[in-house]
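Here is a briefing on one predicted model. It covers a pocket and a loop.

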Amino acid sequence: MISLIGFSALCLSAFFSITLLIPNSIFKFKIKFFLLFFRLSTFLICISFVSLIVAYVSSDFSNFNVFQNSHSNKPLIYKISGTWGNHEGSILLWLCMISIYGFAYSLISNALDDFKINVLKIQSSLFVIFAFFIIFTSNPFLVNSVKVDEGLGLNPILQDPALAIHPPMLYMGYVGFSLVFSLGMASLFKKSRDTNWIIETKKWAIISWTFLTAGIALGSYWAYYELGWGGWWFWDPVENISLMPWIVGLALVHSLIMIRGEQTIERWIVFLSILCFSLSILGTFLVRSGILTSVHSFASDASRGLFILLIFFLITGFGFLIFLIKSPANKNNLQLLLINKTSALIINNILMIIAMLTILLGTIYPIFIEVLTNTRVSVGGPYFNATVLPILLPGFLLMSIAPVLSWQSNKIKKFRTYVIFFLILSFVVFLHSYFTVFNTWGFIGLILGSWIILASIISIILRFQFLISFNYIKSINSFIAHIGVGIMIIGITFSSVYQKEYNFNISVGQEINLNENILKLENIKIMEEKNYQTLKASFSLKQKNDLIDYILPAKNYYPVSKMITTEAGIYHDWLKDIYITLGAEDNNIWNIKVYINPLVSFIWIGVIIMIFSGLIAIFKR
């Protein structure tokens, strides 16, 4: 019954959305009826998605999707997250979010009626395309032909709190760019040359980019403690797929901040709006087509992936075709100088696009090679570290000085102050690098991250009078975001360049020296949890005779799926993480890996600051 309700609501929602696409020449909606139909469609698709959640929560195994991806013994959080932990459910979530973004826009937007209708028509078109895809190829409401009493269970890798939240966050970012796409396309059909659409696009682009940042960060943190690799980013193909729209979204946000009435920049903004959403769809195709192999790729189907590829070509092709046809002629010239804010931000945009193309090449190149030669090749960390990072570094350097540049001149206020502090910082970092373990990348990363932070703080002190108010925070918000980036760069540099890895063989009761600390294996226990069996080791971490903490690495066995997962044990400290994973056992002697990850907490702190800055930017015109 619940499956019938969900499918009926899905079909009715698609019907109302199709109704909105009737040309004005045939039937012209009054704005209030248009909005009523759009919101009714949103209400129905939400009912459809909630119906699927209810089927999962109630363990309704008459639903084939629930049967394949759930089990009655699963904790409630994993029953709910199982809704989007599969191809059909995740695409339904995608569809639901397209409609919710349009609904939110219909409530918040102050645009003229004609423009608002055009935006919602484009959004409805996207909705209808994906609704047909679900109805005809990926229906999550199929009913089992035979009665079954139990399900097959959810992939154990997905049974984690961080990964339960990660996909919806990621989708809020991906799908948010659908509204940015709709706004950009609608702007091409505008008869007036007002720029109010840019203000709205800026708000929604920041919202989407912020959600995407949070989603990527959650995925990285999950990979850090769940997969037992000792790191947080591995240039995995699916990680790359999420990074590309993030980079282009960052370029889009900077372009929206930069614009001062130049039509050249307006066209660039529309181009980036199309590109952001196109990359989001391309990522969906690559993840779900079975072409890419990844621990993050939890659903794949080659035939349905082909349909997503057709959707990608349809939306991208239509978007860029209209862009070429309707793009306005140049009117206002850019005020480019050697070292003004406009030129710095344009260079930054170009570097970001080049970085995105480099990542795209490294991700899809193995696919073409395999198709042409039937030989599988791997492009991993060395390629991306050697190509992407050198491209991004000048962009980060420009980021540190762009906010203090002028729009109209080459002058930098208090230029001497910045030079003095930069020289002092360079000398301090050089001494640190010289008397520790000198590493070129470590030196560059440390000086770059530190300079971004220092330059931002100097700019805040010199340009703004300190006040405890929300307006003051909004005024310095761009500097806050850059401080977050600087902190993240320092965390990335130290945790990557100065990471230490150890291999030990240890038995219960044995101690090992770990730099200034003593690590002792206290005991190993096997415990029964609700839906899995866990083998958990308890390590005490001491400094001299003082107990610091216990570290609890584990291996979990899921009997339903017959899979074993590794759970890293991590001692978190502001300055370092001590990270332990359990290996094989031989005659009660356990092989363990221990990683010392310095300043890895700075990565998460920097990301949190960036997300905070994104939320503040929503309220800033």
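The lining of the largest pocket takes at least two residues from each of α8 (196–226), α9 (237–258), α12 (341–373), α13 (381–401), α15 (440–463), α17 (477–497), β10 (589–598) and α18 (601–618). Helices (H or I, at least four residues) and strands (E, at least two) are DSSP runs, numbered from the N terminus. This is a predicted model: local features need pLDDT of at least 70, side-chain atom pairs count only at pLDDT 80 or more, and totals for chains, interfaces and linings use all residues. Residues are numbered from 1 along each chain as its sequence is written, and side-chain values use heavy atoms, with hydrogens and water left out.

**Largest pocket**
- The largest pocket holds about 1,200 Å³ of space.
- A pocket is an open set of points on a 1 Å grid over the protein atoms alone, where a 1.4 Å probe fits, with protein on both sides within 12 Å along at least five of seven lines; lining residues have an atom within 4 Å of a point.
- Its lining counts 47 residues, and Trp232, Trp233, Trp235, Leu389 and Ile492 lie nearest the centre.
- α13 gives the most to this lining, 10 residues.
- The lining has 33 nonpolar residues, 14 polar and no charged.

**Loop between β9 and β10**
- Asn587 lies in the loop between β9 (576–586) and β10.
- Its phi is positive, about 55 degrees, although Asn587 is not a glycine.
- Asn588 sits in that loop too, with a positive phi near 65 degrees.
- Asn588 is exposed at 57%.

Definitions and conventions:
Grid points are joined across faces, edges and corners, and a volume is the space filled by probe spheres set on the points. Ala, Val, Leu, Ile, Met, Phe, Trp, Tyr, Cys and Pro count as nonpolar, Asp, Glu, Lys and Arg as charged, and the others, Gly among them, as polar. Buried means under 20% relative accessible area, exposed over 50%, partly exposed in between (1.4 Å probe, protein chains only).
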